[in-house]
Amino acid sequence: MFDRYDAGEQAILVHVFFAQDKDMEDLREFESLVSSAGVETLHVITGSRRAPHPKYFVGEGKAEEIADAVKTSGASVVLFDHALSPAQERNLERVCECRVIDRTGLILDIFAQRARTHEGKLQVELAQLRHLATRLVRGWTHLERQKGGIGLRGPGETQLETDRRLLRNRITLILSRLERVEKQRDQGRRARARADVPTVSLVGYTNAGKSTLFNQITDAGVYAADKLFATLDPTLRRITVGDVGDTVLADTVGFIRHLPHDLVAAFKATLQETRQATLLLHVVDAADGRIKENIDAVDSVLAEIEADDIPVLLVMNKIDMLEDFIPRIDRDEENIPVRVWLSAQTGEGIPLLFQALTERLSGEIAQHELRLPPQAGRLRSRFHQLQAIEKEWIEDDGSVGLVVRMPIIDWHRLCKQENELVDYIV
């Protein structure tokens, strides 16, 4: 029932240009996606249209051309670099006499190959089931919808209806499991928030070098490869940033243009690390000719997951692929670091990244409500010395209530000096 195929299959690729200018980079990216799925490309068919054809997406003549290419090359699957409707997929399969898979199905297959953790596998299955729900009819075209006449009346539920019910039940089960995973992650995030440990999340276009940078900073040994969506499961590591102290660094899944909405919805728990981050490190491939388009694609996904209001530090990676380029920090009018140029592969510029992280994170403010017992008068006087008390009151049991607000660096320093301080947080 699933649009799954084994790695090593042979395919015909189809790409349609709709704009006036033919942007070949889109086609090259699609070829990279196909290669990442472990599929061999036999032939690439391109065409131009003003709008998609309602029946075949491509024109009838182009559909026949694809069918001929399938017959002559012996391809077992046709891959479209576009989102097809279920009806268009069925019509094309009828003409080509082989499976037809759109861009969403291809990305889902890559994700299914990459998922390693229990959570990752659940998220991929959820996205696959949601995608499959609209295409379920195709698996049962050999069955009558319902038989009529004496002796042929069915039990009241067709095979198609049974499958839809089973599909809904499975989706409900996966959602409940993912909800438990999200609660566990949420507990970890709340614990970090109580201790005021900043979270820095790596985001960026797929294959921009996030995992390579993550490994360079943390020695985590995370899988990194020169292919799209090498990282799928999120990884968290603790690093130490000068003057800030312990900081959590999160490596996340890469984004891509036209990322299927089902995937964004399915990976909500994973992307929560991005939504709750103190600072986003937006890793950009500085050697890519489409820097602006890639940044825009990432920004659009960040807006979709409601993470577009989180502070961002751009990391211009792969400067080792540029001629005579020296690592540097770009600053805005207020002298705040906004861009760091480095190479995650060679390690050039990593100290500059830590310097920029120190400057960006040290500007963060910690605010807490505390209950100090009567014997903690010395700690209370420390807060007065630091001029950090926003509000102060006496409780009925004689303890002192405080709302304190101070730079996060000062808070971490105080926590190290006064071990019991964290226990007084309300």
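The model is predicted: local features need pLDDT of at least 70, side-chain atom pairs count only at pLDDT 80 or more, and totals for chains, interfaces and linings use all residues. Residues are numbered from 1 along each chain as its sequence is written, and side-chain values use heavy atoms, with hydrogens and water left out.

**Exercise 1.** Work out how α4 and α5 are oriented to each other.

Step 1. The axes of α4 (residues 103-114) and α5 (residues 118-133) come within 10 Å and cross at roughly 155°. Axes are lines fitted to C-alpha atoms, for helices over the stretch in contact, and angles run from 0 to 180 degrees between N-to-C directions.
Step 2. Angles over 145 degrees count as roughly antiparallel. The two helices α4 and α5 are therefore roughly antiparallel.
Step 3. Thr104, Gly105, Leu108, Phe111 and Ala112 in α4 meet Val124, Ala127, Gln128 and His131 in α5. Contact means heavy atoms within 4.5 Å.

**Exercise 2.** Decide whether Val16 counts as buried or exposed.

Step 1. Locate Val16 in strand β1 (residues 10-17).
Step 2. Buried means under 20% relative accessible area, exposed over 50% (1.4 Å probe, protein chains only). Val16 has 5% relative accessibility, so Val16 counts as buried.
Step 3. Beyond its neighbours within four places in sequence, Val16 contacts Gly47, Ser48, Arg49, Phe57, Val58 and His82.

**Exercise 3.** Find the edge strands of the open seven-stranded sheet.

Step 1. Write the order: β6-β7-β5-β8-β9-β11-β10, with mixed pairing. Two strands pair if DSSP finds at least two bridges between them.
Step 2. β6 (235-241) and β10 (328-331) each pair on one side only, as edge strands.

Conventions. Helix = DSSP H or I, 4+ residues; strand = E, 2+ residues; numbered from the N terminus. Parallel < 35°, antiparallel > 145°, perpendicular 65-115°, else oblique.
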